[in-house]
Amino acid sequence: TISDGGRDAYTDEELREKILNFPSTYSTAGPEEGYIQFVKQYSERIVSARKIEAEDTVVRMCIMCKDGEVPDEGYCGQVLQYVKSLKCTPDTDKIEIVAPEVVEYELHATFYISENKKDIAESIKTGVEEAAASFVQFTCENIGYDINPDILTAYVSAAGARRIIIDDPGYTVIRENQIAICKQIDVKYGGLELE
């Protein structure tokens, strides 16, 4: 029969995180890293998991899926049943699996390329577009990470652009139970500039 129900090979980042968190799975005290590991075992769709503040004896885990997909209540319930079925968490812990609160933003920016790089301007434009997409993906796959335009500036600079003017977003603090999701990407080419 055709194999079914498995997963793709781990990426380097996934494997690194799995190795780092694995020792926590031996504990019977319910460490945060252990819960993160158990939750992510459920499916490769889950790219981010975070333990958030809750009442005593309540372990509230916030989860996020790939490509900015916010899990619905039904999916969270399936993950919860899976974690409970493992029977590897303290009996005194009440476990909750929830989706993050969404903070929407738009990306509006203009970038410029140095005149002495005009021969490779097209490849730089492509690199900047990829940099913007990477920035957006990073924010929508990491629960509780702030929207930091300085990161986009660094990405665009690494792509070869001379500078970028970011009109939106400004620096935005994201709480531990929130996720930042970009609803529109508008990154324009402003032209060539002399050094």
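A: In this predicted model, tyrosine 112 stands opposite arginine 163, a residue of strand β5. The strand that β5 meets here is β4, which covers residues 101–114, and the two are joined by five bridges and run antiparallel to each other. This pair belongs to an open sheet of three strands, whose order is β5-β4-β6 and whose pairing is mixed. The edges of that sheet are formed by β5, spanning 163–168, and by β6, spanning 178–193, each of which pairs on one side only. From one strand to the next, the twist averages 20°.

A helix also belongs to this picture: α5, made of residues 149–158, lies across β4 and β5, and its direction is at about 150° to that of β5.

Turning to the helix pair, α2 (residues 32–41) packs with α3 (residues 73–85) at an angle of about 115°, and the axes of these two helices are 9 Å apart. The crossing that α2 makes with α3 is right-handed. On the α2 side, the residues involved are Phe38, Val39 and Gln41, and these meet Val79, Tyr82 and Val83 on the α3 side.

Notes: Residues numbered from 1 in each chain as written. Predicted model: local features only at pLDDT ≥ 70, side-chain atom pairs only at ≥ 80, totals over all residues. Heavy atoms only, no water. Pairing = 2+ DSSP bridges. Helix = DSSP H or I, 4+ residues; strand = E, 2+ residues; numbered from the N terminus. Axes fitted to C-alpha atoms, helices over the stretch in contact; angles between N-to-C directions. Contact = heavy atoms within 4.5 Å. Left-handed = near helix turned anticlockwise from the far one by under 90°.
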